[in-house]
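Here is a short report on one protein model. Look over the sequence and the fold before reading on.

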Amino acid sequence: MKALIMVLLFGLTSLGFAQSNHGIFDGIILEDVVVTPLNMDYLNTVRDEWTPKKALQLQERAARFDIRDTEEFKDGSSPFAVEFYGSHGKIKAVYSEEGYIISAVERFKNIALPAAVMEMVCEEHPGWAIVADKYINQYSDNDIVKREYQLKLSKDKLNKNITINLLAVVKE
């Protein structure tokens, strides 16, 4: 038993000695490294409070995708289109030969709507229920060309379709 205790004690002290610094190596201090997507302009342009969460995930994938790393992409073969699919929609992005998104069309169906959209519909159409929805966003040359929600509403036995043009809403 004494031998076991001595072995453990010697083992722990030697491990402690091996772990100590003793001034031989002080280490290297590295500056913080921040990795940003190549397409931050795209993300900053297409994202706001009206953007559905399902679109945020797919937008992130499109922005981080580096077309230059694919076998299909060859130098000088620009523009190059890639489609990204999610559970409720897709994004078709067109990339330049440098890897920047020059245009994108986003289409999503039957998604959880942002609170801002729900509030707007409830205020303007009290008593109506949203039974179907589409989110469409078109991006081109660092600008939004089209951004809208197309909603199907139902109340009692009545149905109606409405379109919320987010470009007009945001400007108000």
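This is a predicted model: local features need pLDDT of at least 70, side-chain atom pairs count only at pLDDT 80 or more; totals for chains, interfaces and linings use all residues.

The sections below cover the sheet, its hairpins, a helix packed on it, and the core.

Strand 3 (residues 101-109) pairs with strand 4 (residues 129-140) in the antiparallel sense, over seven bridges. Within this pair, Lys109 has Lys134 in strand 4 as its bridge partner.

Strand 4 then runs antiparallel to strand 5 (residues 143-155), joined by 11 bridges. Here Ala129 is bridged to Ser154 in strand 5. Strand 5 pairs in turn with strand 6, antiparallel again, over eight bridges. Leu153 stands opposite Lys160 of strand 6.

## Two hairpins

Strand 4 and strand 5 make a hairpin with two residues between them. Asp141 lies in that turn and has a positive phi of about 50°.

The hairpin of strand 5 and strand 6 also has two residues between the strands. There, Asp156 takes a positive phi near 55°.

## A helix across the sheet

Nonpolar side chains tend to be buried together in soluble globular proteins. In this model, the largest nonpolar core has 35 residues. The members that touch the most others are Tyr42, Tyr95, Ile101, Tyr149, Leu151 and Ile164.

Take Ile101 from that group. Leaving aside neighbours within four places in sequence, Ile101 is in contact with Asn39, Tyr42, Ala62, Ala63, Ala93, Val94, Tyr95 and Tyr139.

Asn39 itself sits in the loop between helix 1 (2-19) and helix 2 (40-46). Is Asn39 buried or exposed? Its relative accessible area is 2%. The cut-off for buried is under 20%, so Asn39 counts as buried. Not counting residues up to four places away in sequence, Asn39 touches Ala62, Ala63, Tyr95, Gly99, Tyr100 and Ile101.

Notes. Residues are numbered from 1 along each chain as its sequence is written. Side-chain values use heavy atoms; hydrogens and water are left out. A nonpolar core is a set of buried Ala, Val, Leu, Ile, Met, Phe, Trp, Tyr and Cys residues joined through side-chain atoms within 4.5 Å. Buried means under 20% relative accessible area, exposed over 50%, partly exposed in between (1.4 Å probe, protein chains only). Contact means heavy atoms within 4.5 Å. Two strands pair if DSSP finds at least two bridges between them. Helices (H or I, at least four residues) and strands (E, at least two) are DSSP runs, numbered from the N terminus.
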